[in-house]
Amino acid sequence: MTEAATEAATTSTESMRILIIEDDREAASYLVKALKEAGHVADHTADGEAGLHAAETRDYDVLIVDRMLPKLDGLSVIAQLRGAGKLTPVLILSALGQVDDRVKGLRAGGDDYLSKPFAISELLARIEVLGRRRGSKDVETSYRVGDLELDRLSHEVRRAGKPVVLQPREYRLLEYLMKHANQVVTRTMLLENVWDYHFDPQTNVIDVHISRLRSKIERDFATPILHTVRGAGYIMRAED
Amino acid sequence: MERFRSLMRMTAVRLSAVYFLLFAVCAVVLVVYVTATASTIVEDQSRAAISEELADLAGVYQQSGIVGLVRMIDRRARQPGASLYLVTDASGRIIAGNVESLQAGVLDDAGPTPDAFSYERYSDEQGQRYHLAIAEVVSLPNGMRVLVGRDQSEQVRFRGVVQSALILALALMGVAALIAWFFVGRSALKRLDGVTGASARILSGDLSERLPVTGAGDEFDRLSDNLNTLLARISLLQEGLQQVSDNIAHDLRTPLTRLRTRAEGALSAPPNAGEAREVMEQMIAECDQMIRTFDALLMISRVEAGSDQVLKSEIELAAIAADVVDLYEPLAEDANAELVLEAPASLHVYASRELIAQALSNLVDNALKYATNTEQKTRIVVRLSKSEGIWSLGVSDDGPGIPAEKRDRVLERFYRLDQSRSMPGSGLGLSLVQAIARVHGGKLVLEDAGPGLAVRLEVPRDERVTGERGDG
């Protein structure tokens, strides 16, 4: 298991029940193993019909659905599930990783989209975010991580009571990181959610933005708060 | 027989056959109609002449009685080429005239004979004894009957002449049509055989083969010309494909070989935990780079596959450019470069936000990678402009630039300049930008920025964008 997964596992305060609907048995068993190591409970079905049945009858926190499935394809599974009123968050897996496919997947009722092949750390990070979505932080007016505070109404950021001046983009980056505090956030997630880009910009542009942000919120303070998770991404976490 | 069948399968031959049949039917109808009309006209003339003569004879009868009438008929009957004359008594015995015998029943009813009848003349020189005639019969108060008629042989002959002339003409035309048919069909068949042969050779794999063109400029030549153009396009595409697959093979072989060597090295000299981890990370990084290459290739072919694959909408270009500049700004600063945006306040275009952002991001990324250096500050300008019917989005730098002769080549997939081979990158970035320009109906222009390189997407403006005119 990679360090990222272990890290993600240690940050989860609760374990999640996850259903994997995937016909590639090897990939599925690898996923189940990785999810279990990350502290979750994972079930697996190999076709769309069985998957739909399982998702309808049992209570899961997150579904991982492959797009191409025997008997019933992934998008139909999601559509039927949504039609039946089940709002379980769905992560779509697909070998077709292009923009329009992603849009189609999200339109069908998926909540997130990951194209194969993917890093397991990316999947774990996204699962965490999806699973925690129920207790949404969208309605909260301020976020707090350790001594760092972010006021979503006045857009003011303070650390240990001292104001931190941020550029608008830095503010949005920090807001996203703090919203998902104690969860691993990958570079791709930041690019998608803060910049709304779904392509790979080759160079690691995100790292530079993070280091800017980090210098602003950590420079004058003794304790680090924005940590790099090797091979995975970043995590906002107060040192205990 | 086989040749005939294949002739019959040809459209030209089938059409001429159909026309020939149609012509024959019309000709037959014409012959029948012309001869029938001609007969009718001649018969009507004869009947009129007969009536006139009868009226004449009626005058003689009133003036000179039976004797005068018989004498007059007798005299007329003897003249050369005379009409038919016959006078009988009440019992039917012939009294005067030039008719020796008559088809039975002709004299029974007074008035014009309904049909032609046959008769026999006195002193018939020709061997033919029986003739056809039409006549009118008048019965006198004392039971005598007078018949005046006209011979119809002339008319039969006339009808025959008309008929044979028409048939001869028809036959000549038929033969001519058959000959023309044969030659047209044969030459068409021969040329089609040429085309079929050439296309069979092309199908068997020889893409350099071309369809024969005679230079006559006819429809066969036009067809061959078009197909030849198509073939040229296909072979060009095939060459491109060939080159790309060679490149893929090469570009993926290299990292795969590295990957294999690393794994093998780690296996032969078992490393300690820390080293093993490092090797694994390198291998994952190598895999990620290959995945990137594949993704980029897939993306290019998706974009090239056509505009229906791409979601376009009305977007505001200045904001998109500002976002990309914002994304790369810190990176530019680290790379000792100044990233400047020159754009109108707003510019609405009909395009794919995602693809345009990606194209611009690729261009900025390229400029940061290849135009920057540590000694001197590089100025990179993202320029957005519109002119009549076109909007353009360009990135220019004052770096080393690309030599003019290499500017086309850098648009090829996997092509990389020698000096940039050591840099990370797949050689697909500009190919993707070009594909994005094309899917928007535009093109990618590379120019000398003197010094440096200017790359520009030029895209025709879409009518659908209503807000375009009002923008700055």
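Predicted model: local features only at pLDDT ≥ 70, side-chain atom pairs only at ≥ 80, totals over all residues.
Residues are numbered from 1 along each chain as its sequence is written, and chains are lettered from A and ligands numbered from 1 in the order in which they are written. Strands (E, at least two residues) and helices (H or I, at least four) are DSSP runs numbered from the N terminus.

The hairpin of E7(A) and E8(A) has four residues between the strands, and His155(A) takes a positive phi near 60° there. On its other pairing, E7(A) meets strand E6 (residues 142-145) of chain A in the antiparallel sense, again over four bridges, with Val145(A) opposite Leu148(A). E6(A) and E7(A) form a hairpin with two residues between them, and Gly146(A) in the turn has a positive phi of about 60°.

A residue is buried if 20 or more other C-beta atoms, placed from the backbone, lie within 10 Å of its own, exposed if 12 or fewer, and partly exposed in between.

## Backbone features in loops

Most residues other than glycine have a negative phi, and most peptide bonds are trans. Ala160(A), in the loop between strand E8 (156-159) and strand E9 (162-164) of chain A, has a positive phi near 50°; Ala160(A) is partly exposed, with 13 other C-beta atoms within 10 Å. Asp196(A), found in the loop between H8 and H9 of chain A, likewise has a positive phi, of about 60°, although it is not a glycine, and Asp196(A) is exposed, with 11 other C-beta atoms within 10 Å.

A cis peptide bond, with omega about -5°, joins Lys116(A) and Pro117(A). Pro117(A) is found in the loop between strand E5 (112-115) and helix H6 (120-131) of chain A.

## Packing of helices H7 and H8

Helix H7 (residues 168-179) and helix H8 (residues 187-194) of chain A pack at an angle of about 120°, with their axes 10 Å apart; the axes are lines fitted to C-alpha atoms over the stretch in contact, and angles run from 0 to 180 degrees between N-to-C directions. That angle makes H7(A) oblique to H8(A), since angles under 35 degrees count as roughly parallel, over 145 as roughly antiparallel, 65 to 115 as roughly perpendicular and the rest as oblique.

Arg172(A), Leu173(A) and Tyr176(A) in H7(A) meet Leu190(A), Asn193(A) and Val194(A) in H8(A), where contact requires C-beta atoms, placed from the backbone, to lie within 7 Å. By class, this contact has four nonpolar, one polar and one charged residues; Ala, Val, Leu, Ile, Met, Phe, Trp, Tyr, Cys and Pro count as nonpolar, Asp, Glu, Lys and Arg as charged, and the others, Gly among them, as polar.

## Interface between chains A and B

In the interface, 20 residues of chain A are in contact with 21 residues of chain B. Helix H5 (99-107) and helix H9 (205-218) of chain A each supply at least two residues of the side of chain A that touches chain B, and the largest share of that side, four residues, comes from H9(A). By class, the side of chain A that touches chain B has nine nonpolar, seven polar and four charged residues.

Conventions
Contact = placed C-beta atoms within 7 Å. Pairing = 2+ DSSP bridges.
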